[in-house]
Amino acid sequence: MKKRNLSTQLSSGFAAIVFIVIALISVSANLLIRSRFEAYMESEQIRLAGELADELANQYDAEAASWNTDYIHGMGMYAVNDGYFIKVLDIQKNVIWDIEQHDMACCKEVMNKISSDMERLRNANGSFVSHEYPMYHGQTLIGYAEIMYYTPYYANENAFSFLYSLNIILVVIGIVSIVGAVITGLIFARRITSPVSRVISRTRRIAGGDYSTADDNNAGSAEMQELSQAVTAMAQTLDRQEKLRARLTGDVAHELRTPLTNIASHLEMMCEGIWEPTPERLTGCYEEIQRISGLVDDMEKLHRIDADQLVLHKSSFVVRPLLENTAAMFEREIADKNITLEINCDDISVNADHDRIAQVVTNLLSNAVKYTENSGHITVTAERDDSSFRLTVRDTGIGITPEDLPHVFERFYRADRSRNRRTGGSGVGLAVVKAIINAHGGSVCVQSEIGKGSVFIAEIPQ
Ligand code: ADP
């Protein structure tokens with residue numbers, strides 16, 4: 001199924017959120033305003049009816065014991081327009097003035113109009129209810145005012161149009177906000193998608209074998225910046241791996257061709273009877289075969305690590321014998337080069353894979369011996385505390401250049417290739433060391449200075 005692009009998703013998401021928020025605000029504001037409006041109109045109607053009753057009471061002339069019916073008539077006719085239908089009675093409940101008796105037709109007409117207006121505007125039914133107000137002159141009861149009005153309340157068209165205009169304002173705000181949300185969503189989406197698109201095109205170029213890609217300086221956000229840097233780092237690693245692979249093919253071909261040519265030419269001469277098969281010549285052939293076999297061994301070790309076959313058989317063992325036995329293997333070369341070897345190791349035990357750790361010591365010591373000139377000095381130190389075991393191999397050899405230093409643990413990496421071919425290394429030893437130490441959950445590092453020597457430190461947790 002085709003996925004919608006980020007711009008559409010973001011802008012429609014923004015619009016949906018704004019729509020929901022505005023709809024909630026509109027509905028709740030509408031309900032609240034309407035209920036407050038109705039409560040206000042009801043209380044206002046009751047207050048006005050009370051005021052009318054008071055005003056009617058004032059039309060009683062106590063001295064003459066009579067009512068000012070002219071004024072009551074004026075008030076009554078005027079009040080009809082506001083929806084109040086007045087009847088004035090004396091204390092014996094005799095009618096003094098009654099709007100219905102006075103102008104029945106007008107009354108009916110106004111009442112019908114109020115009923116139909118309110119049904120239309122309020123969408124609900126109401127009814128006319130008559131309320132009786134006793135009227136006093138001082139403390140003396142002088143009569144009753146019966147005032148009839150529409151309940152729950154009567155409001156004219158102007159009052160309702162105020163409510164409608166509030167709704168229209170909310171709708172306009174809603175439309176403007178949704179349009180704003182869509183535009184903001186598009187702008188945001190553009191800011192997010194353009195660096196994403198650039199990363200996509202960079203990864204496509206990398207997939208096509210073009211590793212010459214640089215960081216995106218216009219990434220827009222910290223996360224995109226990190227993604228861009230991760231892509232660059234990935235490209236650099238792939239580039240290095242590709243070069244290593246290419247170099248490996250050349251190296252392996254060269255490493256194999258030289259001894260094989262030597263062996264072939266030696267054997268040919270001996271087969272044709274030109275050379276005697278003397279022990280020296282046969283030993284020469286044997287050494288060449290040993291070199292080939294060493295290279296194949298290295299490649300096999302790497303293959304096992306690659307295939308994740310580095311299964312550890314951990315046990316607790318004393319470290320000193322392991323160091324001494326490994327050092328003994330290099331006794332002849334150490335003596336030949338007049339190197340002094342110092343082993344610093346207290347009576348400590350370590351919990352690790354004995355054979356793998358022996359391999360680590362062998363590889364580090366073999367390098368130290370290989371890359372240390374005559375009369376140099378090598379120190380092997382093993383220490384441990386409660387939480388870790390640390391092995392340090394220090395030599396006063398030729399050292400490693402700062403350019404090579406970050407790469408020496410990579411497989412098939414050889415610092416000085418022409419020199420290394422002579423010394424016979426294939427650039428696998430340190431990669432194996434790193435894989436073994438990492439499998440123990442530890443880490444290995446190197447410090448080195450050209451002409452002064454190198455220090456390799458391997459540390460594994462206990
Ligand atoms: P190699 O079999 O070539 O020695 P390694 O993986 O053991 O392969 O080492 C990688 C490279 O690191 C070597 O080719 C060498 O250039 C450099 N190196 C390793 N150990 C030392 C050391 N002790 N002194 C100087 N250079 C070293």
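**Entry 1: strands**

I began with strand β3 (residues 84-90) and strand β6 (residues 140-151), which pair in the antiparallel sense over seven bridges. I took two strands as paired if DSSP finds at least two bridges between them. Helices (H or I, at least four residues) and strands (E, at least two) are DSSP runs, numbered from the N terminus.

The model is predicted: local features need pLDDT of at least 70 and side-chain atom pairs count only at pLDDT 80 or more, while totals for chains, interfaces and linings use all residues. Residues are numbered from 1 along each chain as its sequence is written, and side-chain values use heavy atoms, with hydrogens and water left out.

I looked up the partner of V88 and found A145 in β6 across the bridge. On strand β5 (residues 127-137), I noted 11 bridges to β6, again in the antiparallel sense. P134 stands opposite Y144 of β6. β5 and β6 form a hairpin with two residues between them. In that turn, G138 has a positive phi of about 60°.

**Entry 2: aromatic pairs**

I recorded eight aromatic pairs in the structure. Rings of Phe, Tyr and Trp (its six-membered ring) pair if their centres lie within 6.5 Å; planes under 30 degrees apart count as stacked, over 60 as edge-to-face and the rest as tilted.

Why is the pair of F37 and F160 edge-to-face? Their ring centres are 5.8 Å apart and their planes stand at 65°, so the pair is edge-to-face. F37 lies in helix α1 (residues 6-57) and F160 in helix α5 (residues 157-207), so this pair ties together parts that are 123 residues apart in sequence.

I then checked burial, where buried means under 20% relative accessible area, exposed over 50%, and partly exposed in between (1.4 Å probe, protein chains only). F37 is buried, with a relative accessible area of 12%. F160 is buried as well, with a value of 1%.

I next took F85 and F128, whose ring centres are 5.7 Å apart with planes at 80°, so the pair is edge-to-face. F85 lies in strand β3 and F128 in strand β5, so the pair ties together parts that are 43 residues apart in sequence. F85 is buried, at 3% relative accessible area. I also noted that ring pairs link F37, Y153 and F160 into a cluster.

**Entry 3: charges over rings**

A charge sits over a ring if NZ of Lys or CZ of Arg is within 6 Å of the ring centre and within 35 degrees of the ring normal. The charged end of K93 sits over the ring of Y144, 4.5 Å from its centre. R281 lies over the face of W275, at 4.3 Å from the ring centre.

**Entry 4: the largest cavity**

On a 1 Å grid over the protein atoms alone, a cavity is a set of points where a 1.4 Å probe fits but cannot get out, and lining residues have an atom within 4 Å of a point. Grid points are joined across faces, edges and corners, and a volume is the space filled by probe spheres set on the points.

I found three cavities of 30 Å³ or more. The largest cavity has a volume of about 60 Å³. Which residues line the largest cavity? The lining consists of N30, I33, R34, L163, L166 and N167. The elements giving two or more residues to this lining are α1 and α5.

Methods: On a 1 Å grid over the protein atoms alone, a cavity is a set of points where a 1.4 Å probe fits but cannot get out, and a pocket is an open set with protein on both sides within 12 Å along at least five of seven lines; lining residues have an atom within 4 Å of a point.
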